[in-house]
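Trainee: I would like to go through this model and ask what each label rests on.
Mentor: Go ahead.

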Amino acid sequence: MKYLAAIALLFGSPAAAEVVSASPNGFEVRESVSLVVPADVAFTSFTNAAAWWDPEHTYSGASKNLTLALTPGGCFCERFPKGGGVEHMHVTYLEPGKRIVLTGALGPLLYEATTGVMNVEVRSAAGGSQLILDYRVAGFFNGGAEKLATDVDGVLAEQSKRLRAYATGRPRT
């Protein structure tokens with residue numbers, strides 16, 4: 001038991017994930033990640049998606065092809081090795097070190113008549129920081145959005161765990 005406590009202290013408490021609401025026309029999911037790193041490290045880690053994003057959830061099969069331009073209008077994009085690419089989302093609000101808002105449709109939502117808003121906030125907390133990601137998606141969903149909410153939440157929950165592992169494993173300066 002004391003080993004579990006030591007692991008929890010080292011890596012922070014588990015990420016919490018939830019489907020906040022779901023209906024035929026949209027859904028909201030929320031991921032909350034406690035990190036044992038300062039807020040600026042948590043934010044910088046989030047913005048380096050190429051380092052922690054699961055390659056299984058890319059079109060190219062390689063996270064290294066992801067980029068996030070940290071400026072309003074900046075692209076969270078993926079280039080394809082043989083040319084072309086995809087805009088996953090774009091930056092609509094940026095408060096460096098604290099908050100980034102991205103708009104767009106992730107994964108298969110790209111092919112639906114939908115739009116999404118991802119609000120990511122990082123706050124200082126006892127022992128480190130807290131990253132809260134809210135993703136709200138609305139529009140026309142073939143078959144109903146409520147059927148996708150749990151899957152999207154599951155993918156973002158896994159991504160949050162990968163982010164936590166990356167952020168806590170970064171060298172400290």
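Trainee: Which residues does Gln 130 touch, not counting residues up to four places away in sequence?
Mentor: Gln 130 touches Ser 32, Val 33, Ser 34, Glu 121, Val 122, Arg 123 and Ala 125. Contact means heavy atoms within 4.5 Å. Before going on, note that this is a predicted model, where local features need pLDDT of at least 70 and side-chain atom pairs count only at pLDDT 80 or more, while totals for chains, interfaces and linings use all residues. Residues are numbered from 1 along each chain as its sequence is written, and side-chain values use heavy atoms, with hydrogens and water left out.

Trainee: What makes the link between the side chains of Gln 130 and Ser 32 a polar contact?
Mentor: The term requires a pair of N or O atoms within 3.5 Å; within protein, one must be able to donate a hydrogen and the other to accept it, and residues adjacent in sequence count only if both atoms are side-chain atoms. The contact between the side chains of Gln 130 and Ser 32 is at 2.3 Å, so the distance meets the limit of 3.5 Å.

Trainee: In which strand does Gln 130 lie?
Mentor: Gln 130 lies in strand S8. Strands (E, at least two residues) and helices (H or I, at least four) are DSSP runs, numbered from the N terminus.

Trainee: How do you know that S7 and S8 pair?
Mentor: Two strands pair if DSSP finds at least two bridges between them. Strand S7 (residues 113-125) and strand S8 (residues 128-140) have 13 bridges, in the antiparallel sense, so they pair under that rule. Asn 119 stands opposite Asp 134 in S8, and Val 122 has Leu 131 as its bridge partner.

Trainee: Which residue of S8 is the bridge partner of Val 33?
Mentor: Leu 131 is the bridge partner of Val 33. S2 and S8 pair in the antiparallel sense over 10 bridges.

Trainee: What is the order of the strands in the sheet?
Mentor: Eight strands form an open sheet in the order S1-S2-S8-S7-S6-S5-S4-S3, with antiparallel pairing. Strand S1 (16-23) and strand S3 (66-68) each have a single partner strand, so one side of each is left without a neighbour in the sheet. From one strand to the next the twist averages 15 degrees.

Trainee: Why is Gly 127 called exposed?
Mentor: Exposed means over 50% relative accessible area, buried under 20%, and partly exposed in between (1.4 Å probe, protein chains only). Gly 127 has 63%, so it counts as exposed. Gly 127 lies in the loop between S7 and S8, a hairpin with two residues between the strands, and has a positive phi of about 80 degrees. Leaving aside neighbours within four places in sequence, Gly 127 is in contact with Leu 35, Val 36 and Val 37.

Trainee: What makes Cys 75 and Cys 77 a disulfide?
Mentor: A disulfide is a pair of cysteine sulfur atoms within 2.5 Å. The sulfur atoms of Cys 75 and Cys 77 are 1.3 Å apart, so the pair meets that rule. By this rule the count comes to one disulfide. With 70 degrees about the S-S bond, the link is right-handed.

Trainee: Are Cys 75 and Cys 77 buried or exposed?
Mentor: Cys 75 is buried at a relative accessible area of 18%, and Cys 77 counts as buried at 19%.

Trainee: What makes a set of residues a nonpolar core?
Mentor: The term covers buried Ala, Val, Leu, Ile, Met, Phe, Trp, Tyr and Cys residues joined through side-chain atoms within 4.5 Å. The largest such core has 36 residues, of which Phe 27, Phe 46, Met 118, Leu 131 and Tyr 135 touch the most other members. H4 gives the most to this core, with five residues.

Trainee: Which strands does helix H4 lie across?
Mentor: Helix H4 (residues 149-169) lies across S1, S2, S7 and S8, running at about 20 degrees to S2. Axes are lines fitted to C-alpha atoms, for helices over the stretch in contact, and angles run from 0 to 180 degrees between N-to-C directions.
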